[in-house]
Amino acid sequence: MAGGYATVISGVHSLLGLIQDINRVSSTGFGGPFKKDCSDLGRRIALLSHLLEEVRDFKGDLRSLDQSDSSCLSDLTVVIKASKRLVFAADDFDPKISPEGAAKKIAFQFQCLTWKLERALTNFPYDQLEISEEVKEQVDLVRGQLRRATERYGDSLTSNRLSRALSQPLDKELDTLQAQNRLIGSLHVESTGSINHGGSEKVDIVSTTNSSKDYGSDQMIHRLERRGSSSASSDICVLNNVDTTQTENSSEKNSEENTKTSSPVIPDDFLCPISLEVMRDPVIVATGQTYERSYIQRWIDCGNTKCPKTQQKLQNLTLTPNYVLRSLITQCDVSREIAAIESLVRKLSSRSIEDRRAAVSEIRSLSKRSTENRILIGEAGAIPILVSLLTSDDGITQKNSITSILNLSIYEHNKGLIMLAGAIPSIVQVLRAGSMETKENAAATLFSLSLADENKIIIGASGAIPALVLLFQNGSSRGKKDAAAALFNLCIYQGNKGRAVRAGIIAALLKMLTDTSGCMVDEALTILSVLASHQEAKAAIVQASTIPALIDLLRTGLPRNKEHAAAILLSLCKRDTWNLACISRLGAVIPLTELVKSGTERAKRKATSLLEHLRAQQL
């Protein structure tokens, strides 16, 4: 048995403690320009707790692990320890006082750790350590996130620089960064007496000179790294009901002063020399000049063999994509949108109801359009403020706030931010007392959030289920469907099934099954199929005389209705002779026999099994 694995086993308890430390720092909202990097890393590593717990509880023979298995475990240990050091280094980072190049080093370390963590999890000896399928599925999700994050970093991950970095230990680099941050921070305090925590830092993206050469990727990257931090102070003021008069005045002043930088000047290098428009697909020709692909292709197709700008003869007609320039142009577009979104987020905290209305309406519109917008709005700190606006006395603001949160929740990472902002009690309040449209969107938001298993427990315990049952009974057509979707998702968790029964869901479902319009039969059967395996729900279903309605559906329902009805009846009758006798008396044998002949594949299986139970009882 290699010593590396023994070291891991003995240190699992400390690793679990490290994960808690990482999660605590990364979830506090600190990290400055690296807030999202810290949050993403912390969230992914937190999901590895169950993996380490199963390693700790492994009862097999450790000597069966070979050297490569031990090495993989050691790699994971190194990455987790380095992750803690990195999030602390990022938390210590202050762009005003940190040494030049520190931001790039920290950003690069996040790239290295992402790659190393994905590699460690890929090579992990899951089968040898008897890791459960449930935990392996969870780790697969994390690996997928890490792989996509690695791909987003682009070509730098295959560069010589990264290769060299990956072969070196991370600790020394991180220690150096933290030491530099602390040293320069202390010198800054001593020389100035205090650190200015006032308005947000203004960053000039473009040089004021006419030379486009002065516009570099460094300034752009710096602007992008700081995009998530501008509204932090306003978030805190809103959440803690602090008098924000002075903060708002300062924010308005800073907003005016930053007008010049919020709309960056477009560098000449971004413009196609032919069209004089910003390039979207820049390509390089044989002379080294860059053009928009469609325009230079048209130039060549017309028989021209010289470079339009230099008039040099083109030695070949190859068009090579200019990935670097395209990336910079994309980042420039994003930076403009970031500036606009940050301005809207500041207005969400305005004392003027009209300004708040206008801002939340625009946020709603932007959040509907694209995933990129949903990412940027979440990173700009809008979610805690939108949550606070859910309890607004202004109906329009409340409606647009819940709709914005619904749109934002479509992006997976935003689900976590919404839960961290403590949104559930306010969403439930809207569900109980809002207008019909806000109730519909509140129910849809709970459905979206409940897609994450851990949220099912929190939402179920919040009092949301009785409010959803009321909407399911008395809401508009859309409201009933939104409530049904949320209730189905929540009832997948065993602990919520009893809550739903006690909230009166069975009577509501029976009403849907017997409604002559039949518009909610599918939804009612789907929810019943989830509840039928729960003992309390099973008793309530039988007591409510639901069995006759289910047998009627076996005779007259649509094929999918018959399938669900057969599955529910089978759940009710397993190990229950009274229910078996009941369905036999009510004439279920004939429609079940027909279903075996002509039903869907699943319906045939369920009907066959139920008929076998009936025959066995008669023997």
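A residue is called buried under 20% relative accessible area, exposed over 50%, and partly exposed in between, with a 1.4 Å probe and protein chains only. The model is predicted, so local features need pLDDT of at least 70 and side-chain atom pairs count only at pLDDT 80 or more, while totals for chains, interfaces and linings use all residues. Residues are numbered from 1 along each chain as its sequence is written, and side-chain values use heavy atoms, with hydrogens and water left out.

Q: Why does Ser-426 count as buried?
A: The relative accessibility of Ser-426 is 14%, and because the term applies under 20%, Ser-426 counts as buried. Ser-426 lies in helix H21, residues 424-433, where helices are DSSP runs of H or I with at least four residues, and strands runs of E with at least two, numbered from the N terminus.

Q: What does Ser-426 touch, not counting residues up to four places away in sequence?
A: Ser-426 touches Val-387, Leu-390 and Thr-391 on that count, contact meaning heavy atoms within 4.5 Å.

Q: What makes Gly-434 buried or exposed?
A: Its relative accessible area is 15%, and therefore Gly-434 is buried. Gly-434 is placed in the loop between H21 and helix H22 (436-449), and its C-alpha atom is separated by 8.0 Å from that of Gly-395, 39 residues apart along the chain.

Q: Why is H16 described as it is relative to H19?
A: The axes of H16 (residues 353-369) and H19 (residues 395-408) come within 9 Å and cross at roughly 25°, axes being lines fitted to C-alpha atoms, for helices over the stretch in contact, with angles from 0 to 180 degrees between N-to-C directions. Angles under 35 degrees count as roughly parallel, over 145 as roughly antiparallel, 65 to 115 as roughly perpendicular and the rest as oblique, so H16 is roughly parallel to H19.

Q: What makes H18 oblique to H19?
A: Helix H18 (residues 382-389) and H19 pack at an angle of about 140°, with their axes 8 Å apart, and because of that angle H18 is oblique to H19. On the H18 side the contact is made by Ile-383, Leu-386, Val-387 and Leu-389, and on the H19 side by Thr-397, Gln-398, Ser-401, Ser-404, Ile-405 and Leu-408.
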